[in-house]
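Welcome, and please open the model in your viewer. We will begin with the whole chain and then move to a few selections.

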Amino acid sequence: MIHRIVFLALLVLPFASQAHDPAQHAKTNVPAIAAEAKPAVVAVDAFSSALQAGDLKRAGTWLADDVLILESGGAEHSKAEYMGGHATHDAEFLKGAHVQLKQRTAKVAGELAWIGTESELHTSKDGKPVTTLSTETMVLKRGKDGWRIVHIHWSSRAKR
């Protein structure tokens with residue numbers, strides 16, 4: 001129960017503090033990366049790069065065994081479940097994509113970090129260009145092996 005409360009506070013408090021700061025809303029594409037969060041961002045980027053390269057073994061090293069991945073109303077409840085199925089589809093989709101980072105925010109609270117990323121993914125389908133707007137939240141936990149991803153939430157939609 002305590003972990004759930006800490007997790008929710010970690011996700012909600014940074015957004016709540018930004019809601020009352022009009023200057024924060026005026027900024028666009030400005031990285032809001034705290035220095036202590038940079039190693040967690042490196043872990044997220046390493047996972048994403050490995051997935052895009054189709055190196056599922058390397059991508060899996062960045063996931064906690066009990067990672068929870070939520071996407072499009074579905075869920076994978078472990079690294080083994082994700083790596084044994086959906087990861088292959090994600091890697092295949094990302095292989096031909098150009099990923100353009102639009103905005104990223106990262107915060108650390110104790111042994112937990114969260115990273116929110118907004119991107120555009122440029123791909124093609126049936127020979128026609130497709131642009132997808134993507135949002136991603138990753139929660140990481142720092143352990144003896146460094147930062148590992150314990151939760152991912154992906155959401156996307158076609159750009160109009």
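Among contacts between residues at least 6 apart in sequence, what percentage join residues at least 24 apart? In this protein the figure is 52%, where a contact means heavy atoms within 4.5 Å.

Before selecting anything, note that this is a predicted model, in which local features need pLDDT of at least 70, side-chain atom pairs count only at pLDDT 80 or more, and totals for chains, interfaces and linings use all residues. Residues are numbered from 1 along each chain as its sequence is written, and side-chain values use heavy atoms, with hydrogens and water left out.

Now colour by secondary structure. Helices (H or I, at least four residues) and strands (E, at least two) are DSSP runs, numbered from the N terminus.

Next, select residues 146–158, which is strand β7. Zoom in on threonine 137, whose bridge partner in β7 is histidine 153.

Keep β7 and show β2, residues 63–71. Here the pairing is parallel, over five bridges; one place to look is leucine 63, bridged to isoleucine 149 of β7.

Of the 160 residues, 33% are buried, meaning under 20% relative accessible area (1.4 Å probe, protein chains only).

Conventions:
Two strands pair if DSSP finds at least two bridges between them. Buried means under 20% relative accessible area, exposed over 50%, partly exposed in between (1.4 Å probe, protein chains only).
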